[in-house]
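Hello,

Here is the structure I promised to pass on, with the sequence alongside. My notes follow below it.

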Amino acid sequence: MEMERRGYLQAGGFIPEVVLEHPEMVQGLHKEFIHAGTDVVEAFTYYGHREKLRAIGREDDLEKLNRTALKIAREVANETGTLMAGGLCCTTVYEEDNLETHDKVRSMFKEQVEWAAEEGADYIIAETIHSYGEAKLALEAIQQHGKGIPAVVTLSCLIPDETMDGVPIAEACRKLEEAGAAVVGLNCGRGPSTMIPALREIRKACNGPIAALPVTYRTKEDCRTWHSLKDPDTGKDVYPRNLACVMSSRDDIRECAEEAKAIGVNYIGLCCGNSPFYFRELAEVYAPTCLIPDETADGVPIAEACRKLEEAGADVVGLYCGRGPSTMLPALREIRKACNVCN
Ligand SMILES: [Zn+2]
């Protein structure tokens with residue numbers, strides 16, 4: 001969605017052609033999210049699968065798009081000391097009762113998993129999957145063709161708390177965990193307030209790490225998914241072009257992160273609607289100490305830098321921007337001890 005808002009992706013189709021047309025934009029956006037606090041660079045292959053590429057007449061670019069996205073992500077991860085993840089998503093062709101579609105889905109997942117493993121992914125994410133059966137096929141493809149790299153499998157829960165093929169969502173997560181997924185959970189579909197109750201159920205059902213990546217929109221009990229949201233003023237549907245009027249506030253996201261942490265969600269992120277300023281809220285709740293050290297970019301301890309500027313004649317020294325209240329306060333204590341003037 002961030003690429004769409006910037007004019008590099010078409011709403012509705014959401015096919016990541018930007019990877020080929022403007023790779024520098026993809027690289028830049030990865031870096032912005034890392035600066036905001038993420039630990040993972042996910043290759044931008046969402047909807048970069050055979051079915052979507054065929055739909056726009058670019059099937060010949062399929063492998064090139066995937067490998068380019070993976071290489072960009074690997075480079076940024078290496079440069080920043082973060083992890084790189086390959087990505088699978090809903091194929092749009094899976095039908096529970098049609099075994100031919102299962103074979104098609106298997107081969108679509110297989111090729112993407114092989115490319116991700118060859119390009120050095122640290123793990124593979126299978127995301128925004130609505131059916132338990134399709135999620136199971138994704139997990140199996142990662143296990144069979146991923147050279148042993150871990151699988152993170154997140155389902156997308158729509159209106160009822162169950163998958164499209166009728167498995168209660170917590171049970172579907174438990175089964176995927178038992179089948180060997182390293183992390184299971186939810187992404188997309190729902191915003192913070194309607195995803196949190198389902199996460200409680202998943203936490204009860206699973207023993208291992210669970211994931212939450214809500215969309216950043218104000219879903220509510222009578223509009224559980226972002227697709228069903230209405231403009232509060234006009235009552236018109238807002239998906240997918242007019243979502244700005246139902247965006248979450250920063251506090252919504254912060255409170256969601258605090259609640260998720262209290263529930264015991266181990267793997268946190270944001271899905272559609274995410275932007276670096278939202279991500280920073282998560283990072284401050286989940287990892288306040290590993291964001292950035294208490295020193296300047298050229299390595300001077302922050303309190304000492306302030307004292308030196310004071311000694312050199314500044315009337316006021318201190319900190320501005322970068323951190324929120326909870327991570328700035330400890331640094332301010334050090335500065336107070338080191339300086340005599342106001343700060
Ligand atoms: Zn999403």
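The UniProt entry, which is unreviewed, places the feature "domain: Hcy-binding" at residues 1-286; UniProt positions are in the numbering used here, feature names are shortened, and annotations may be inferred rather than shown by experiment. Please keep in mind that this is a predicted model: local features need pLDDT of at least 70, side-chain atom pairs count only at pLDDT 80 or more, and totals for chains, interfaces and linings use all residues. Residues are numbered from 1 along each chain as its sequence is written.

**Overall layout**

The protein has 13 helices and seven strands (DSSP runs numbered from the N terminus, with H or I over at least four residues for helices and E over at least two for strands). Its radius of gyration is 22 Å, close to the 20 Å of the globule rule for 343 residues, so the protein is as compact as a globular protein of that length. That radius is taken over C-alpha atoms, and the rule is 2.2 Å times the number of residues to the power 0.38. Along the principal axes, the C-alpha atoms fill a box of roughly 75 × 45 × 40 Å.

The domain assignment gives domain 1 (1-286) and domain 2 (295-339), with bounds from an automatic or database assignment. The centres of domain 1 and domain 2, taken over C-alpha atoms, are 39 Å apart. Residues 1-286 are 45% helix and 12% strand, and the end C-alpha atoms of this span lie 23 Å apart.

Seven strands form an open sheet in the order 1-2-3-4-5-6-7, with parallel pairing (two strands pair if DSSP finds at least two bridges between them). Strand 1 (40-42) and strand 7 (267-268) are the edges, each pairing on one side only. Strand 5 (residues 183-187) runs parallel to strand 6 and is joined to it by four bridges. Across this pair, V184 stands opposite I210 and G185 stands opposite A211. In strand 6 (residues 210-213), I210 and A212 point one way and A211 and L213 the other, and all are buried.

Buried here means 20 or more other C-beta atoms within 10 Å of a residue's own; exposed means 12 or fewer, and partly exposed lies in between, with C-beta atoms placed from the backbone. By that count, 42% of the 343 residues are buried.

**The cores**

The largest nonpolar core has 91 residues, and I124, A126, A138 and V153 have the most contacts inside it. Helix 5 (residues 62-80) gives the largest share of this core, eight residues. Apart from it lies another core of six residues, among them C306, V317, A331 and I335. A nonpolar core is a set of buried Ala, Val, Leu, Ile, Met, Phe, Trp, Tyr and Cys residues joined through C-beta atoms within 7 Å.

Beyond its neighbours within four places in sequence, A126 is in contact with residues including L88, A135, A138 and V153; contact means C-beta atoms, placed from the backbone, within 7 Å.

**One residue at the start**

M3 is found in helix 1 (residues 2-5). With 19 other C-beta atoms within 10 Å, M3 is partly exposed. Leaving out residues up to four places away, M3 touches Y8, L9, V18 and L29.

Best wishes

Terms used. Contact = placed C-beta atoms within 7 Å.
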